Amino acid sequence: MPVLGPQAEAARSKSERVVVLAPTARDAEVTAQLLAQAGVESVSGRDWPHVEGLLRDGAGALMLADTTLMAPGFGSVVKLLQHQPRWSNLPVLALCRRGLQSPVLRQAALDNLTVLDRPTSAGVMISAVKAALRARRVQYQVRDQIESLQRADMALRQADRRKDEFLATLAHELRNPLAPIRSGLQLLMRGPEDEAQRQHVMAMMDRQMTQLLRLIDDLLEVSRISTGKLTLQREELDLKRVVETALESSGPLVARAGHHLHVSWPDEVLWVDGDLARLAQALSNLVNNAAKYTPDGGRIDVTLARDGAQGVLSVQDSGVGLPADMIGFVFDMFAQVNRSLDRSQGGLGIGLALVRSLVALHGGLVSANSPGVGQGSTFTIRLPLVQQSAAPQLQAAPPPQAGQARRVLVVDDNEDAATALGMLLSLGGHDVQVEHSGAAALQAAARFQPQAVFCDVGMPGMDGYQVATALRQDARFAGTLLVALTGRGSEDDKKHAREAGFDAHLTKPASEAAMSALLATL
């Protein structure tokens with residue numbers, strides 16, 4: 001904030017100087033020399049209009065002589081002093097022969113006025129100037145505190161506004177997949193006779209459930225990254241695997257929109273030190289974004305190339321493009337590029353923020369570029385390349401084969417969830433028993449002797465961790481497969497589950513494939 005005017009930075013650099021209007025050039029020169037010897041910066045004004053300009057640029061104090069008060073322009077300076085910012089009260093030092101008896105000085109009614117006899121000693125003048133500058137510094141401290149509070153208030157207001165926008169968007173985005181899921185359930189309750197229709201409804205519900213889980217997973221990922229709880233599973237990685245894995249995930253969305261997908265590969269293998277799942281997730285988010293914001297039948301180009309010591313992954317589309325004023329903010333949390341777009345193509349505004357965070361964890365950068373609205377966009381990931389080591393690459397483990405029927409105990413205080421999971425496992429040929437509390441689970445385990453236990457961890461009374469610990473303390477269940485079922489999926493949650501005695505950790509809702517894979521290991 002300026003002392004009296006709008007040039008903030010210039011004013012700050014001149015905030016300690018004393019502006020002097022002396023009766024003669026010789027008086028101005030002598031005053032400047034005395035102030036300089038005392039370590040005080042000063043500047044001399046030629047006349048009152050010149051002084052006014054100097055004050056607007058910034059000043060720590062104003063020094064004047066009574067003989068200058070009748071000169072043209074003094075009234076304009078008085079008005080300037082009377083309209084200072086609320087934090088400012090510029091010290092004025094007046095050297096007067098008659099003190100406050102000067103009618104012009106009395107009429108000016110200046111709030112922060114110090115009157116010195118003229119002539120006065122150099123020591124008295126310097127002492128008064130330094131006292132004035134100390135008082136001015138206190139004013140600057142008040143100014144800085146006010147500005148700090150204003151910035152904090154603005155940030156809080158912006159955060160509150162973005163929170164409200166996010167909650168409204170979250171409610172919309174959660175309802176989007178829930179609506180067709182509910183409609184599908186109602187259709188299935190009517191029992192459609194057409195098997196093809198039934199399969200179509202079930203496939204639709206599965207797609208919408210996947211979208212719902214993706215929204216929740218993105219929220220959890222952002223939380224893990226922001227709290228430093230996301231752990232990368234690094235390996236020597238061919239970037240081609242990242243592209244292939246990402247396109248496997250994004251392929252259905254691209255295909256449903258009828259987009260033309262073109263992939264360009266380099267003539268060499270580009271190696272990075274990274275987490276396959278996380279890098280593929282970042283690239284998949286970019287491809288999904290391109291698919292959603294490109295009209296049906298558009299073009300999406302995915303390119304992998306080398307640029308010096310960097311591997312470059314780019315996703316270019318022929319979609320709606322980005323306005324120039326959004327390119328610098330598109331990776332911000334909860335950013336929405338265009339609220340006039342069809343909200344079915346919207347999102348929570350966290351996908352690109354997640355991309356930036358995941359790429360940054362790998363020491364890389366992500367950027368956006370667009371010629372303008374309606375002219376498509378290009379998103380580019382840059383990652384540092386590494387030299388391939390001589391260590392042999394591990395081969396992927398073969399998928400587990402389906403095993404025989406097992407005795408399975410399902411434990412969950414949510415009766416609907418427990419019953420549905422029990423029915424699903426029973427359809428797989430397993431002998432299933434369902435319980436709804438930790439104590440009941442231990443009693444049932446003693447009778448049933450399960451080979452596998454799928455146990456919710458967040459139960460009242462005896463929770464799932466206590467159940468697992470109790471079972472592990474019983475030699476009869478030393479070889480029993482214990483699987484934690486929970487809505488919490490952080491690394492700390494998984495560690496807690498292992499420490500309690502669980503063999504595996506599945507985040508709700510667990511897929512049938514994941515559960516079958518675990519049972520197949522028995």
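These legends accompany several close-up views of one predicted model. Local features rest on pLDDT of at least 70 and side-chain atom pairs on pLDDT 80 or more, while totals for chains, interfaces and linings use all residues. Residues are numbered from 1 along each chain as its sequence is written, and side-chain values use heavy atoms, leaving out hydrogens and water.

**View 1. The largest nonpolar core holds 41 residues.**
Such a core is a set of buried Ala, Val, Leu, Ile, Met, Phe, Trp, Tyr and Cys residues joined through side-chain atoms within 4.5 Å. Buried means under 20% relative accessible area, exposed over 50%, and partly exposed in between, with a 1.4 Å probe and protein chains only. Leu239, Val242, Leu313, Val315, Phe379 and Ile381 touch the most other members. Among the elements giving two or more residues are α7 (195–226), α8 (239–256), β10 (310–317) and β12 (377–384), and α9 provides the largest share, 9 residues. Helices (H or I, at least four residues) and strands (E, at least two) are DSSP runs, numbered from the N terminus.

**View 2. Here is Leu313 with its neighbours.**
Not counting residues up to four places away in sequence, Leu313 touches Leu239, Val242, Val243, Leu283, Thr303, Leu304, Phe379, Thr380 and Ile381. Contact here means heavy atoms within 4.5 Å.

Rings of Phe, Tyr and Trp (its six-membered ring) pair if their centres lie within 6.5 Å; planes under 30 degrees apart are stacked, over 60 edge-to-face, and the rest tilted. Phe331 lies in the loop between β10 and α10 and Phe379 in strand β12, 48 residues apart. Phe331 counts as buried because its relative accessibility is 7%, and Phe379 is buried too, at 4%.

**View 3. Tyr465 and Phe502 form another edge-to-face pair.**
Their ring centres are 6.4 Å apart, with the planes at 75°. Tyr465 belongs to helix α13 (residues 464–472), whereas Phe502 sits in the loop between α14 (491–500) and β17 (504–507). Both residues are buried.

**View 4. Asp301 is a buried residue in strand β9.**
Its relative accessibility is 15%.
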